[in-house]
Amino acid sequence: MRALALLPALVSAVALAACAGEPPRAPAPPPALPAAAPSSPAAAPGPEPAAARPPLEFIHDDLPRAREKARAEGKALFVDAWAPWCHTCLSMKHYVLTDPSLRPFAERVVFADVDTDRPESAPFLERHEVTVWPTFFLFEPAGGEVIGLWRGAASVEELRELLREALLAMDSQAASALPADDPNRLLVEAKRAHSAGDHAAAVSAYRRALARGGEAWPRRSEALLGLLSALYRSRDAAACVDLGRAHVGEVKGAALPADFASILLSCAAALPDGKAQRAAREAAVARLRSIVERPPADASADDRADAWGLLAEGLEALGDAAGARAANESKLAVLERAAKEAKTPEAAAAYDYGRAMAYVALGRGDEAVAMLKEREAQMPGSYEPPARLAQVLHATGRDAEALAAVERAIGRAYGPRRLRYLKLRAEILQRLGQIAEQVATLREEVAGYEALPKGHASQAALDDARRRLAEAEKAQRGAKKR
């Protein structure tokens, strides 16, 4: 599943588990959306076939430049908030965002991406909450207000629809065309609050949008997922479970149904053991079974594998070890086929995390090690292959090798992700009995969290690092007394 930052109060076993500016130009009048066919691509430039169009051009890790370009040209700004460690981010970059059918939107949209672990991303993250990777934002050019938001994977058609709806919202906003209680306007309001981390306001706006839109509203599935996500972030596990169980069967889309089921599983894990928890898990598992048996036609290999992986985790939580193993085998088969068909090592790497976790779950850790060693040789500048390799080696008891691998990852990583690898190094050192080195690593981790800028800071992660440091220092003092 797309990477999701789990709250301390709602941690589950479900692993959803981050320039020189152009000279200003006078803004050109934006091409109008076709009034009679709002579902067609906005302002498609000419009749050339999609395959003949070049892919979108992104401004990388330079949001000030991207904002100024959007403002000067009167265009919306699309921002892909991603991270190199996020397998769904990689899948989107290699298999969706490269689709030539998206190119016509460049006439009305400036496209940018931001690696959320880089220091320059902190100011953006201070204003806009990213807890699911990737998260896609759309901003109107004048005031920079959110007019579109999508969390997690999307099909090409879902991404086109996000862009179309955002442009319609921008045009309607400029013309004051939508009444205050229009469901599409309320959905924009909900997404704006969700982006700002105001979960209570987001819940209220999502509920009003759903009430006004009714059951036939085309954006109902999108709004239901947004509401469930906002309830999850509000730590209201009971309300999240109630909503999830009521609507898990009706959400439609390429990845939305599995995403919805995944949040339901996470909220179920926050409930006390009992009938309500089990019923929620059973509802999510039933929906996931229907997804893997009849996957949406536009679901990517990453989407299909995620659904199998979530099914495995749900079955494991229900005590069905044999069913979980069979689901992991199916997940691995999907990923192996996709990796074999990938045209470059970088494209194949989108499947490495899922493959590695499936190998480990199936007791085939050696195959994960061989795969990740080969990937590191192919991508020597990336921190991701040695980091995953260290995780696998540590999980399979090969800690001396794991220590060497995590050192390579730490040397290449940056920002909050580097601190995650310091945590892993401390765990490896503890198992190796190197207590002094463990304490030194934990002190480095704590100092790193204390030094993070506000947009990257995490009080929960800092508190956890401090707790582990205190425990390690206590163990070190005890060892010295013996």
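Biologist: Leaving aside its neighbours within four places in sequence, which residues is Arg 375 in contact with?

Modeller: This is a predicted model, and in it Arg 375 is in contact with Pro 345, Ala 348, Ala 349, Asp 352, Arg 355 and Pro 385, once neighbours within four places in sequence are set aside.

Biologist: And where does Arg 375 lie?

Modeller: Arg 375 belongs to helix H15, which runs over residues 365–378.

Biologist: Is Arg 375 buried or exposed?

Modeller: Arg 375 counts as buried, because its relative accessible area is 6% and the cut-off for buried is under 20%.

Biologist: What does its side chain make polar contacts with?

Modeller: The side chain of Arg 375 makes a polar contact of 2.7 Å with the side chain of Asp 352, and another polar contact, of 2.6 Å, joins the side chains of Arg 375 and Gln 378.

Biologist: Let's look at another arginine, then. Where is the place of Arg 108, and is Arg 108 buried or exposed?

Modeller: Arg 108 sits in the loop between helix H2 (87–95) and strand S4 (109–115), and at 2% relative accessibility Arg 108 counts as buried. The side chain of Arg 108 makes a polar contact of 2.9 Å with the side chain of Asp 171.

Biologist: Changing topic to pockets: what volume does the second largest pocket have?

Modeller: The volume of the second largest pocket is about 440 Å³.

Biologist: How many residues line the second largest pocket, and which lie nearest its centre?

Modeller: The lining of the second largest pocket has 19 residues, and those that lie nearest its centre are Glu 161, Pro 218, Arg 219, Ser 221 and Glu 222. Two elements give two or more residues to this lining, namely helix H4 (156–175) and helix H7 (220–233), and H4 gives the most, with five residues.

Biologist: How do the residues of that lining divide into nonpolar, polar and charged?

Modeller: In the lining of the second largest pocket, five residues are nonpolar, three are polar and eleven are charged.

Biologist: What about Leu 186, where is that found?

Modeller: Leu 186 is part of helix H5, residues 183–195, and at 3% relative accessibility Leu 186 counts as buried. Not counting residues up to four places away in sequence, Leu 186 touches Ala 180, Asp 181, Ala 205, Arg 208, Ala 209 and Arg 212.

Biologist: What separates the C-alpha atoms of Leu 186 and Ala 223?

Modeller: The C-alpha atoms of Leu 186 and Ala 223 are 9.9 Å apart, although these residues stand 37 residues apart along the chain.

Biologist: Which residues are buried in H18, and what covers them?

Modeller: The buried residues of H18 include Leu 419, Tyr 421, Leu 422, Arg 425 and Ile 428, and what covers the buried residues of H18 includes helix H16 (384–395), helix H17 (399–412) and helix H19 (435–451). Just after H18, Gly 433 takes a positive phi of about 80°.

Biologist: And what do the buried residues of H19 pack against?

Modeller: The buried residues of H19 pack against H18 and helix H20 (459–481), and among them are Val 439, Leu 442, Val 446 and Tyr 449.

Biologist: Last topic, the backbone. Which peptide bond is cis?

Modeller: The peptide bond from Trp 133 to Pro 134 is cis, with omega near -10°, and Pro 134 lies in the loop between strand S5 (132–133) and strand S6 (135–139).

Biologist: What phi does Asp 61 have, and where is its place?

Modeller: Asp 61 has a positive phi of about 50° although it is not a glycine, and the place of Asp 61 is in the loop between strand S2 (59–60) and helix H1 (63–73). At 23% relative accessibility, Asp 61 counts as partly exposed. Arg 235 also has a positive phi, near 65°, and is a residue other than glycine; Arg 235 lies in the loop between H7 and H8.

How values were computed
Residues numbered from 1 in each chain as written. Predicted model: local features only at pLDDT ≥ 70, side-chain atom pairs only at ≥ 80, totals over all residues. Heavy atoms only, no water. 1 Å grid on protein atoms, 1.4 Å probe; cavity = no way out; pocket = protein on both sides within 12 Å on 5 of 7 lines; lining within 4 Å. Points joined across faces, edges and corners; volume = space filled by probe spheres on them. Helix = DSSP H or I, 4+ residues; strand = E, 2+ residues; numbered from the N terminus. Nonpolar A, V, L, I, M, F, W, Y, C, P; charged D, E, K, R; others polar. Buried < 20%, exposed > 50% of the residue type's maximum accessible area, 1.4 Å probe, protein only. Polar contact = N/O pair within 3.5 Å; in protein donor to acceptor, adjacent residues only side chain to side chain. Contact = heavy atoms within 4.5 Å.
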